[in-house]
Amino acid sequence: MSEPRGLLRRLSVRDLLGSLGHPLPLQAGKGYSFSVDLDPAPRHTLYFGERRAVASPIGPTTRIGGTMELSGNNNRLDWRRIVAVALASRHYLGHWFDDPDDLVSLIRDPWVGGRPFLPDGLPVIDRVPGHDNAFAATGHGMLGVTLGPVTGHALAEYLRTGRRPDVLAPFRFGRGPWARA
């Protein structure tokens with residue numbers, strides 16, 4: 001969006017869609033991650049499905065992440081969640097720490113960030129109704145990075161052809177109890 005002076009104003013997806021007449025009830029599920037030096041370090045990304053955690057080598061360090069915390073739209077870091085992710089990783093990565101109190105000296109760059117999702121758990125990937133040149137792809141929750149490439153591919157086809165690909169049918173605006181009549 002541009003303001004009268006031509007300056008670009010930063011808006012959240014939620015605010016932008018609301019200003020276009022299509023507010024979405026996005027909720028941020030907070031995810032946590034941190035960096036740690038492991039020996040041996042994983043050589044490729046590992047997903048710990050049973051524990052809902054992941055470990056990815058990034059340069060000389062390992063980034064470990066996981067969890068989905070529903071505590072409102074904020075960026076408050078809860079250290080207990082970092083400890084829970086670290087404990088979950090030990091089942092797969094070995095006992096890289098002896099006591100949770102050791103984590104303060106082992107962990108670098110703890111992070112918490114929103115993973116927006118909608119009440120039905122499905123993203124919206126669609127043209128914004130009433131706006132021929134506005135599209136939305138939001139609400140992927142914990143799968144944003146995973147589904148980003150396929151979302152981009154389908155949305156690019158939509159933009160290129162002007163026709164919604166069949167695969168995007170479940171992700172339209174206008175579904176769910178929040179949809180406008």
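## Surface and dimensions

The protein chain has an accessible surface of about 11200 Å², and carbon and sulfur atoms hold 54% of that area. The model is predicted. Of the chain's 181 residues, 36% count as buried. The C-alpha trace spans about 60 × 35 × 35 Å along its principal axes.

## Secondary structure and contacts

Four helices and seven strands make up the elements of the protein chain. Read from the N terminus, their order is α-β-β-β-β-α-α-β-β-β-α.

Among contacts in the protein chain with a separation of 6 or more, 64% join residues 24 or more positions apart.

## Nonpolar cores

The largest nonpolar core contains 18 residues. Within this core, the residues with the most contacts are F34, V36, I64, A86, W96, L103 and I107. Three elements, β1 (27-36), β3 (53-58) and α2 (79-93), each give two or more residues to this core. The most comes from α2, which gives five residues.

## Surroundings of F34

F34 is one of the residues with the most contacts inside the largest core. With neighbours within four places in sequence left aside, F34 is in contact with T62, R63, I64, I82, V85, A86, W96, I107, R108, D109 and P110. Of these partners, I64, A86, W96 and I107 are also among the residues with the most contacts inside the largest core.

Key
Residues numbered from 1 in each chain as written. Predicted model: local features only at pLDDT ≥ 70, side-chain atom pairs only at ≥ 80, totals over all residues. Heavy atoms only, no water. Core = buried A, V, L, I, M, F, W, Y, C linked by side-chain atoms within 4.5 Å. Buried < 20%, exposed > 50% of the residue type's maximum accessible area, 1.4 Å probe, protein only. Contact = heavy atoms within 4.5 Å. Areas by Shrake-Rupley, 256 points an atom, 1.4 Å probe, with all protein chains shown as cover.
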